[in-house]
Amino acid sequence: MEGKQLKKLMVGMALTATLATAVTPGFGSIGGNQGKAYAATVTYKVTASKLNVRSGAGTNYGIIGSVVKDQMLSVVSKSGSWYKINYNGRTGYVSSDYVQASGTTTPPAESTTYTVTASTLNVRSGAGTSYASIGSVTKGQKLSVVSKSGSWYKINYNGRTGYVSSDYVQASGTTTPPAESTTYTVTASTLNVRSGAGTSYASIGSVTKGQKLSVVSKSRSWYKINYNGRTGYVSSDYVQASATASPKLVVDSFKTLGNAQQVILVTADNYDTKSAKIQTFEKVDGKWKQVLTANGVVGQKGFALSKKEGDMESPTGKYTIGTAFGRYENPGTKLPYRKITANDVWVDDSKSSLYNTWQQKPANGRWTSAENMDIPAYDYGFVINYNESRTPGNGSAIFFHVGTNYTAGCTATSKEQVVSILKWLNPEKNPVIIQSPVSELDKY
């Protein structure tokens with residue numbers, strides 16, 4: 001239903017956050033920012049209708065409150081995909097997926113070498129997918145990052161300036177923090193907890209042998225921990241990763257996946273937000289591995305409790321994946337692929353016997369309304385097998401396709417991400433797509 005109703009997303013009120021320009025010696029900011037902080041004034045805005053504020057940098061931490069769209073935030077630093085903020089006089093964390101920066105370019109989270117995590121990553125002439133590709137880098141390749149602009153890193157590429165998506169590179173070196181929600185065990189009989197990352201800082205308490213610690217980040221040879229509701233530091237010489245340190249992926253708890261070995265997970269903070277997080281997972285040797293994380297959008301009015309034709313909402317649920325399509329040649333997907341022609345339409349006339357099917361013009365009385373398929377949003381995509389019974393009025397033309405503002409009921413992300421997912425999908429692995437507010441993932 002994209003061709004009829006796509007509009008430009010209105011830009012919300014900008015939020016200004018002046019980020020710290022210095023860090024106290026011996027302290028490391030979280031998420032790989034050890035000894036550094038942001039050095040520019042950046043304009044921020046919250047894109048979600050309501051965004052949880054958590055006590056730590058991860059969804060496993062408790063909710064201490066919430067912020068709403070256009071609320072002003074004071075950002076301190078970044079930890080992975082989380083922003084550390086001052087919230088009602090205390091420290092809080094919000095997901096960076098639902099705040100948007102614009103204006104002055106900021107430096108990357110860490111002035112160090114970054115490593116490419118994608119199989120192949122385009123290098124572009126500017127900070128966005130709309131800019132031309134000037135080459136590519138491959139998995140494991142080291143990049144010298146100059147600065148950060150939004151979700152893009154500026155790099156030196158073959159003697160010229162290039163930009164790569166920050167979603168597919170990670171900081172190299174020894175300053176990378178431990179995995180989110182990693183548990184560590186104390187090995188010393190008694191271990192001082194200090195107010196800063198060094199023995200020159202005052203002791204604020206102690207922990208004992210065998211005690212479990214929730215480590216937030218690492219600064220040189222010190223671990224930053226949550227200690228009795230405040231921040232503390234312990235020497236890394238006297239703690240070790242617990243056997244159960246590896247965090248579980250969200251799909252590890254799903255009970256409805258059956259024989260699916262590939263999962264696309266589309267989540268939003270709540271039902272009425274159009275901003276979404278897209279994650280892909282694949283089962284390898286009996287264990288789930290995360291493959292990709294990207295920003296995306298769903299229907300203009302968010303997710304639907306009960307999807308209806310024309311409601312501008314995307315259906316929730318678990319669905320199989322149908323035919324891949326595009327206005328160009330097959331980009332390399334293993335899915336059945338159909339190239340769109342100027343006559344291709346998807347019938348959305350609930351009274352037609354061809355409702356919710358792909359047809360070709362002319363109608364010749366077979367329908368009174370149909371979605372034109374030959375549009376830029378459908379440069380590439382695939383069919384989400386929703387309403388396969390073709391129940392009149394329950395919704396039609398539900399796709400995963402190209403788009404960054406909102407949809408009329410589909411799910412969308414950048415063209416680069418759509419092509420990446422198409423190449424990854426393998427029908428032999430029985431892929432499914434799950435769409436849900438975060439709060440209802442326990443249904444799956």
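1. Ground rules. This is a predicted model, with local features needing pLDDT of at least 70 and side-chain atom pairs counting only at pLDDT 80 or more, while totals for chains, interfaces and linings use all residues. Numbering starts from 1 along each chain as its sequence is written, and side-chain values use heavy atoms, with hydrogens and water left out.

2. Strands around strand 19. Helices (H or I, at least four residues) and strands (E, at least two) are DSSP runs, numbered from the N terminus; two strands pair if DSSP finds at least two bridges between them. Strand 19 (residues 212–219) pairs in the antiparallel sense with strand 16 (residues 183–186) over 3 bridges, and Thr183 sits opposite Ser214 there. Strand 19 also pairs, again antiparallel, with strand 20 (residues 222–227), over 4 bridges. Lys218 has Tyr223 as its bridge partner in strand 20. The hairpin of strand 19 and strand 20 has 2 residues between the strands, and Arg220 takes a positive phi near 55°.

3. The core. A nonpolar core here is a set of buried Ala, Val, Leu, Ile, Met, Phe, Trp, Tyr and Cys residues joined through side-chain atoms within 4.5 Å. Buried means under 20% relative accessible area, exposed over 50%, and partly exposed in between (1.4 Å probe, protein chains only). The largest such core has 42 residues, and Ile264, Phe382, Phe400 and Ile421 have the most contacts inside it. Helix 2 (residues 415–424) supplies the largest share, 5 residues. Using contact for heavy atoms within 4.5 Å, and leaving aside neighbours within four places in sequence, Ile264 is in contact with residues including Phe382, Phe400, Ile421 and Trp424.

4. Helix 2. Because 7 of its 10 residues are buried, helix 2 is largely enclosed by the rest of the structure. The buried residues are Glu416, Gln417, Val418, Val419, Ile421, Leu422 and Trp424.

5. Is Gln435 buried or exposed? Gln435 is buried, at 0% relative accessible area, and is found in strand 36 (residues 432–437). The Gln435 side chain makes a 2.4 Å polar contact with that of Thr411 (a pair of N or O atoms within 3.5 Å; within protein, one must be able to donate a hydrogen and the other to accept it, and residues adjacent in sequence count only if both atoms are side-chain atoms). Gln300, in the loop between strand 25 (287–297) and strand 26 (303–304), is partly exposed at 28%.

6. Salt bridges. Taking a side-chain nitrogen of Lys or Arg within 4 Å of a carboxyl oxygen of Asp or Glu, the count is 8. Lys429 and Glu282 meet at 2.2 Å, N to O. This pair links distant parts of the chain, 147 residues apart: Lys429 in the loop between helix 2 and strand 36, Glu282 in strand 24 (residues 275–284). Lys429 is partly exposed at 23%, whereas Glu282 is buried at 13%.

7. A salt-bridge network. Lys415 and Asp379 form a salt bridge at 2.9 Å, N to O. Lys415 lies in helix 2 and Asp379 in the loop between strand 32 (370–372) and strand 33 (380–384), so the pair ties together parts 36 residues apart in sequence. Shared partners join Arg327, Asp374, Asp379 and Lys415 into one network.
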